[in-house]
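I opened the model to look up a few residues and contacts. My entries follow in the order I made them.

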Amino acid sequence: MNSITLLQVAWVALKVNLLRSILTMLGIIIGVAAVIIMLALGAGARYDVDQQIKSLGGNVFVVFSRGRFSGGARQSSGSSQGLTELDALAIEQQIPEVNVAAPTLRANGQLIFGNLNWSSDIHGVTNSIYQAQSWTLSEGRTFSDAELASAGRVAVIGETVKRELFGQSDPVGQTVRVNKLPVTIIGVLKGKGQNTQGNDQDDLIFMPLDTVRKRISGMTLSSPKAVRSIIVQVHDERDMASVEQQMDSLLRQRLRATDGQTPFSIRNLAEMIETRSQTLQIFNGLLAAVASVSLLVGGIGIMNIMLVSVTERTREIGLRMAVGAEPKVIMKQFLIEAVLLCGIGGIIGVTLAVITSLSMQYFTGFTAIIDPYVVLMSVGFSCLIGIFFGYYPATKAAKLQPIDALRYE
Amino acid sequence: MAAVIQTKALEKHYQMGSETLRALKGIDVQINTGEFVAVMGPSGSGKSTFMNMLGCLDIPTCGQILLQGEDVTHLPAATLAQMRNKYIGFIFQQFNLLPRTSALDNVVLPMLYNNTPRQQALTQARECLELVGLGSRTTHQPSQLSGGQQQRVAIARALVNQPALLLADEPTGALDTETGLEIMQLFQQLHRQGKTLVLVTHEPDIAEFASRQLVFRDGKLVSDKRSTPACAQTALAHFRQQRLAEALE
């Protein structure tokens, strides 16, 4: 009996008991779908994290100037012995692995344009920020050297700010008031959208460092060059550890820090996000494990039904043997039935998983990524389950004696 | 005359707890090509066991079975299955058709196991259904057929591989008298066409339609006689006439 005929015979046997076949498949369908959905959501979360790291740059450090306390009153960041622009320059020039080091300051500001107002984060930056944080402009230009040197009243705004204050009209060349200071908008940043925490990354304004320092923040700075943080981008991700060490010793030396008192902290953002996402990954792994248990239960369901089927069809088996079916052909028939059940169940499960993941992505905003390899694996695995759990019933069928089987009532 | 099947000192023992039941006690029978043999005997006489041996469905305890001159006594299960497929056609009391499967596909079944090409199998199956008078009912499922028609499908299935031997186990047992006579008429027709038939029955009336009667009792062959068979067609005509007469009275 060739394999095509065997397949046909098995197919007909399943079709004859359509309802039972579908119910049996249900276990496998749910199991496969659950496993794939869990893995897809896991891969989606992983992808989100990777994207976030990529948008920050996996090769980026942020060096914060630590706020220091004196007499219980917290002084502003960038007070004495804090980081300065010169430190940024030193990092960029003295550590060869560093691509760019961008000093930044931050302040809050109220923007007013006509009768509209919007409050946003104001970042005092130099032009190195574009490279360090992978920003590009959608309109306008970056700061000129003169504007940077003379605390020019100019700003580059994020897409959200543009939308809130200007709507569809062109903001470049317009003047807005930032904390009462009239500022001319010279450019608009290309939008980055939300990060994985759902924070809007485009709600910000870039202004020259000096402008923020002198005209916006109102901070009394002990050093005229003080900055709040330095964003450091490294050429090659593999050099992160060595750069971190070099920066640490360089800054300690420059800021005359003793062991007990470190006026700065170096953070590897990618690492922080990674750590946070690990919890998510473990949780997801657990869910996938639970899902695979349901796949196992589905397999046991297959075995159960196949055993019932063998008992119910004892006379049929006897007849087939009487008209010339060898025991191994009977065995193959039942095995193929089990594998067909599992295989078809697996395919339906995959389809269901794809539909569910896509609609979850559409309706809830989860990212779901279905790996074709996972799909192949789970269909393959469910076929294996068919072989594994179909084997015992098939052997039972093949071991029947034709006369006993024919007389079975 | 060439022997289709021959048994030599055939014995079958069953272990029932501590006792051994000798179901067959040394049977020597030769069945030749073209014979129509009825096997008779009360229940427990060993006739069914004997049938199972002839059909290569069971293995004897000792003795020998020759099928078409070949010793099939100690063949493995897989080879026995091939022998059954090639040489023997089975007809059962309960028809044993596959449910929810068309008459045609039921008849095709034995040919699935010897790799007959699909088209040829379908042609052969149609011819056999034609032969048993069901040429117009090939797509009907067993549940849509009467008992007699179901048995005809089973006969077509038994014929489809052109076996050397047709084995019928109480083929009229589940049918009414008239339908039973019709089936016997079909058997006699097959006999005239040169088929070799062995029929197990406990009804002497049915055994009369065969050309040779074997009688079993307590595991032994007690009688083996040849006779001129009664004509099933005549019996059927007579039965119908009688019934008509009864109805008219």
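**A threonine in chain B**

I looked up B:Thr201 and it counts as buried, because its relative accessibility is 1%; buried means under 20% relative accessible area, exposed over 50%, and partly exposed in between, with a 1.4 Å probe and protein chains only. This is a predicted model, in which local features need pLDDT of at least 70 and side-chain atom pairs count only at pLDDT 80 or more, while totals for chains, interfaces and linings use all residues; side-chain values use heavy atoms, with hydrogens and water left out. Residues are numbered from 1 along each chain as its sequence is written, and chains are lettered from A and ligands numbered from 1 in the order in which they are written.

I placed B:Thr201 in the loop between strand 8 (197–200) and helix 7 (204–207) of chain B. Helices (H or I, at least four residues) and strands (E, at least two) are DSSP runs, numbered from the N terminus. A polar atom of the B:Thr201 side chain lies 3.0 Å from the backbone nitrogen of B:Glu203. Not counting residues up to four places away in sequence, B:Thr201 touches several residues, among them B:Val39, B:Lys47, B:Glu170 and B:Ile206; contact means heavy atoms within 4.5 Å.

**The annotated span**

UniProt, in an unreviewed entry, places the feature "domain: ABC transporter" at residues 5–243 of chain B. Such annotations may be inferred rather than shown by experiment. I found this span to be 37% helix and 27% strand, with its end C-alpha atoms 41 Å apart.

**Nonpolar cores**

I took a nonpolar core as a set of buried Ala, Val, Leu, Ile, Met, Phe, Trp, Tyr and Cys residues joined through side-chain atoms within 4.5 Å. The largest has 125 residues, and B:Phe50, B:Ile155, B:Phe187 and B:Val198 have the most contacts inside it. Helix 11 (residues 327–364) of chain A gives the largest share of this core, eleven residues. A second, separate core has 41 residues, including A:Val63 and A:Met247.

**Cysteines**

How many disulfides are there over all chains? The count is zero, a disulfide being a pair of cysteine sulfur atoms within 2.5 Å. The sulfur of A:Cys383 is too far for a bond because the closest cysteine sulfur, in A:Cys342, is 7.1 Å away. A:Cys383 is partly exposed at 21% relative accessible area. B:Cys56 is buried at 2%, and its closest cysteine sulfur, in B:Cys62, is 17 Å away, too far for a bond.

Definitions and conventions: A polar contact is a pair of N or O atoms within 3.5 Å; within protein, one must be able to donate a hydrogen and the other to accept it, and residues adjacent in sequence count only if both atoms are side-chain atoms.
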